Amino acid sequence: MSASLEDALPQRSARVLLRRLRAGDLADFQAYRQDPQVGLYQGWQAQSDAQALAFLQEMASAPLLQPGAWCQLGLAEAGSDRLIGDIGLCLAADSAAIEIGFSLHAARQGQGLAAEGVGALIALLWACSPAAEVRGITDARNLGSIRLLERLGFARVDSQAAVFRGEACVEHHYRLPRPA
C-alpha cells in the first residue's frame, strides 16, 4: 500500500472526480437521494435537508477504510465538480474485503459515469487498502447495478433469498479479486 485513501483524494478520471462529500453538496445530494427510483434498491432512505446536511458534514471528515464502518465518497463531474452521485464503502472487520455500493442521479445514468467512478475507486482501493477483494451485493431486479458490476469484471458468486423493506427478493453477491 503506497498511500492512504484520504491522501489519494480527490481522484480525477476523464469525466468524473472522486472526492469527499461536503456541506455545499446538499442541493445536488438531495436531488438524487430524494428520487424514489434512485433509492428503490438502496439501503439508505431519503432524509430531510437537516439530516442530509449532518450526514454530508460527517462524511466530509469521517475516517476512511475503518474496519466495519461504512463511509461515502462523492462522485462529481470532472469539469464542474458538481455532485452527481456517491459511492459507499465498508472495509470488513478483518480487512480482507471491501463492500461497495453506489448511487447516481437518474439523469446521469446510462452514460458509463458510475462505472468510470467505481472503476477509479477500485484502482485506489488496490493501492490504499489491504483487501484481497471488493464485493457488491445487489437486488436481482437492479439490472443497471448488475451490468455495472459485470462490466467491471465482478463475478457473481452467490444468490440468496432475502427480505428488503418487507418484500421478498433475491440478492446477487459479486466479488472482484485483487489482481495477481
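The buried residues of helix α2 pack against α3, β3, β4 and β5. Contact here means heavy atoms within 4.5 Å, and buried means under 20% relative accessible area, with exposed over 50% and partly exposed in between (1.4 Å probe, protein chains only). Helices (H or I, at least four residues) and strands (E, at least two) are DSSP runs, numbered from the N terminus. The structure is a predicted model, in which local features need pLDDT of at least 70 and side-chain atom pairs count only at pLDDT 80 or more, while totals for chains, interfaces and linings use all residues. Residues are numbered from 1 along each chain as its sequence is written, and side-chain values use heavy atoms, with hydrogens and water left out.

Helix α2 is mostly covered, with six of its eight residues buried. These are Leu26, Asp28, Phe29, Gln30, Tyr32 and Arg33. Rings of Phe, Tyr and Trp (its six-membered ring) pair if their centres lie within 6.5 Å; planes under 30 degrees apart count as stacked, over 60 as edge-to-face and the rest as tilted. By this rule there are two aromatic pairs. Phe29 and Tyr32 form an edge-to-face pair, at 5.8 Å centre to centre and with 70° between the planes. Because they are three residues apart in α2 (residues 26-33), Phe29 and Tyr32 are separated by about one helical turn. An α-helix has 3.6 residues a turn, so residues three or four places apart point the same way. Phe29 has a relative accessibility of 0% and counts as buried, and Tyr32, at 1%, counts as buried too. Together with Phe55, Phe29 and Tyr32 form one aromatic cluster.

The buried residues of α5 (residues 143-151) are Ser145, Ile146, Leu148 and Leu149. They lie on the same side of α5, because they cover an arc of only 165° around the axis, the arc being that of the directions from the helix axis to the C-beta atoms. The cover over these buried residues includes β5 (97-104), α4 (113-128), β6 (133-139) and β8 (167-177). After α5 comes Gly153, whose phi is positive, near 95°.

Rolling a probe the size of a water molecule over the atoms shows where empty space is left. On a 1 Å grid over the protein atoms alone, a pocket is an open set of points where a 1.4 Å probe fits, with protein on both sides within 12 Å along at least five of seven lines; lining residues have an atom within 4 Å of a point. Grid points are joined across faces, edges and corners, and a volume is the space filled by probe spheres set on the points. The largest pocket has a volume of about 1,100 Å³. Its lining holds 45 residues, and those that lie nearest its centre are Gln42, Phe102, Ser103, Asn142 and Ser145. The elements that give two or more residues to this lining are α3 (49-61), β3 (70-77), β4, β5, α4, β6, α5 and β8. Of these, α5 gives the most, with seven residues. The lining divides into 21 nonpolar, 16 polar and eight charged residues. Here Ala, Val, Leu, Ile, Met, Phe, Trp, Tyr, Cys and Pro count as nonpolar, Asp, Glu, Lys and Arg as charged, and the others, Gly among them, as polar.

The loops can be taken next. Ser95 lies in the loop between β4 (83-91) and β5. Leaving aside neighbours within four places in sequence, Ser95 is in contact with Pro67, Pro130 and Ala131. Ser95 and Gln66 are 29 residues apart in sequence and 8.8 Å apart in space, C-alpha to C-alpha. Ala107 belongs to the loop between β5 and α4, and Ala107 is exposed, with a relative accessible area of 54%.

Finally, some backbone details. Most residues other than glycine have a negative phi, and most peptide bonds are trans. A cis peptide bond joins Leu9 and Pro10, with omega about -5°; Pro10 sits in the loop between α1 (5-8) and β1 (11-12). Asp81, in the loop between β3 and β4, has a positive phi near 65° and is partly exposed, with a relative accessible area of 26%. Arg165, in the loop between β7 (155-164) and β8, has a positive phi of about 50° and is partly exposed, at 43%.
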